[in-house]
Amino acid sequence: LRRRARADGETGRCSHGGAVLSIMRLHANGDLPQKRLEWVPEDVETSAEGDTALFVGCAPYFDAFFSYLGVRTLDAAKGSLRLLNALGVKPVLLEDEVCCGHDLLWSGDRENFEKLARKNVENLKRRGIEKVVFPCAECYRTAARDWEEVVGKLPFQTLHITEMVAASDLSLDGEPLHATIQDPCRLTRHMGKGHELREAIGKAANVEITEMVRHGVAANCCGSSSWMNCSQGTAALQKVRLAEARATGAEVLLTACPKCEIHLSCSQFGEEEAIEIRNVASVLAGALEPVPETAPAAVQS
């Protein structure tokens with residue numbers, strides 16, 4: 001319906017004046033060089049070539065555009081890098097990676113979404129990538145389901161970072177943390193990975209979870225999709241969800257989607273009783289055993 005409406009010249013009400021969607025259309029319609037990897041921490045290991053890639057998505061742009069909210073969506077990418085290293089993987093990061101296309105697809109701009117899908121698949125295929133790991137629930141769903149509608153069967157496997165952690169033998173611990181979980185629609189309802197999300201969190205012995213009344217497939221959405229139609233209605237939905245989170249007594253709201261982080265942070269912006277919102281990957285990475293600054297004098301075999 002949105003695609004048909006767009007063809008008739010009706011594009012709906014775009015949040016932020018359509019600026020975020022414009023960045024995505026720039027990705028679709030040009031080959032402008034990006035500086036998208038300057039955020040990579042010095043204490044992680046990556047590879048110029050390899051069979052596993054970490055798909056970062058628009059997090060570098062989100063953190064810049066929404067800096068006034070204090071969101072740190074790149075923490076998910078940084079955390080994912082550290083978790084992959086802990087699993088023995090040195091992932092490939094792509095300097096010329098472009099947006100996955102999720103928001104353009106769901107706002108009705110099918111033409112530019114298909115351009116982005118082809119660019120990404122061709123880019124990954126050319127590098128011989130066999131497995132693509134996603135910190136973002138929307139990127140994950142878009143690649144796993146929507147790219148295939150454009151290019152056919154993908155030449156690589158798609159995984160959300162929480163799936164890899166859930167299937168691993170990692171045993172994590174850190175500072176005690178009482179949290180509740182905001183299920184991303186794309187990860188839990190669309191892709192059926194709510195169990196894996198909780199299995200991954202369960203690897204961290206320091207994290208205590210109190211579920212909201214509505215959780216899993218019954219969880220409320222964070223309230224806005226594809227940077228469109230943000231209104232009093234969506235704000236009311238966010239307020240209800242945040243009230244549910246605070247009612248658990250948790251100090252932190254965990255999610256695996258940058259949109260959940262952005263929308264819910266925006267809804268409580270400036271409030272004194274705002275609940276802290278963090279990404280699952282960054283919390284799990286924070287519970288990894290710290291790397292010693294110097295090698296021990298002796299190692300017992």
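Which residues of H4 are buried? In this predicted model, the buried residues of H4 are Leu74, Ala76, Ala77, Gly79, Ser80, Leu81, Leu83 and Leu84. Helix H4 covers residues 74-86, and its 13 residues should span 18 Å at 1.5 Å a residue; the end C-alpha atoms lie 19 Å apart, which agrees. Around H4, its buried residues pack against E1, helix H3 (59-65), E2, helix H8 (161-166), strand E7 (276-279) and helix H13 (280-286). Just after H4 comes glycine 88, with a positive phi of about 85°.

Helix H6 (residues 110-126) is built of 17 residues, and the distance from its first C-alpha to its last is 24 Å, close to the 24 Å expected at 1.5 Å a residue. Its buried residues are Arg110, Asn112, Phe113, Leu116, Ala117, Asn120, Val121, Asn123 and Leu124. Viewed down the axis of H6, these buried residues fall within an arc of 165°, so they line one face of the helix. On the face of H6 turned away from the buried side are the exposed residues Glu111, Glu122, Lys125 and Arg126. Glycine 128 follows H6, and its phi is positive, near 75°.

The surroundings of H6 come next. Its buried residues pack against helix H1 (2-7), helix H2 (19-28), strand E1 (52-54), helix H5 (102-106), strand E2 (131-134) and helix H7 (137-151).

H2 and H6 pack with their axes 9 Å apart, at an angle of about 55°. The two helices H2 and H6 are therefore oblique to each other, and their crossing is left-handed. H2 contributes Met24, Arg25, His27 and Ala28 to the contact, while H6 contributes Asn112, Lys115, Leu116 and Lys119.

H6 and H7 also have axes 9 Å apart, here with an angle of about 100°. H6 and H7 are therefore roughly perpendicular to each other. On the H6 side of this contact stand Arg110, Phe113, Glu114, Ala117, Arg118, Asn120, Val121 and Leu124, which meet Thr142, Asp146, Trp147, Glu149, Val150 and Val151 in H7.

Between E2 and H7 runs a loop that holds proline 135. Is proline 135 buried or exposed? Its relative accessibility is 6%, and proline 135 therefore counts as buried. Leaving aside neighbours within four places in sequence, proline 135 is in contact with Leu54, Phe55, Ala76, Ala77, Ser80, His160, Ile161 and Ala256. Among these contacts, Ala76, Ala77 and Ser80 are also buried residues of H4. Alanine 256 is 121 residues from proline 135 along the chain, yet the C-alpha atoms of the two are separated by 7.0 Å.

With a relative accessible area of 18%, histidine 178 is buried, since buried means under 20%. Not counting residues up to four places away in sequence, histidine 178 touches Glu208, Thr210, Thr248, Gly249, Ala250, Glu251 and Val252.

Conventions
Residues are numbered from 1 along each chain as its sequence is written. This is a predicted model: local features need pLDDT of at least 70, side-chain atom pairs count only at pLDDT 80 or more; totals for chains, interfaces and linings use all residues. Side-chain values use heavy atoms; hydrogens and water are left out. Helices (H or I, at least four residues) and strands (E, at least two) are DSSP runs, numbered from the N terminus. The expected span of a helix is 1.5 Å times one less than its number of residues. Buried means under 20% relative accessible area, exposed over 50%, partly exposed in between (1.4 Å probe, protein chains only). The arc is that of the directions from the helix axis to the C-beta atoms. Contact means heavy atoms within 4.5 Å. Axes are lines fitted to C-alpha atoms, for helices over the stretch in contact, and angles run from 0 to 180 degrees between N-to-C directions. Angles under 35 degrees count as roughly parallel, over 145 as roughly antiparallel, 65 to 115 as roughly perpendicular and the rest as oblique. A crossing is left-handed if the near helix is turned anticlockwise from the far one by less than a right angle, and right-handed if clockwise.
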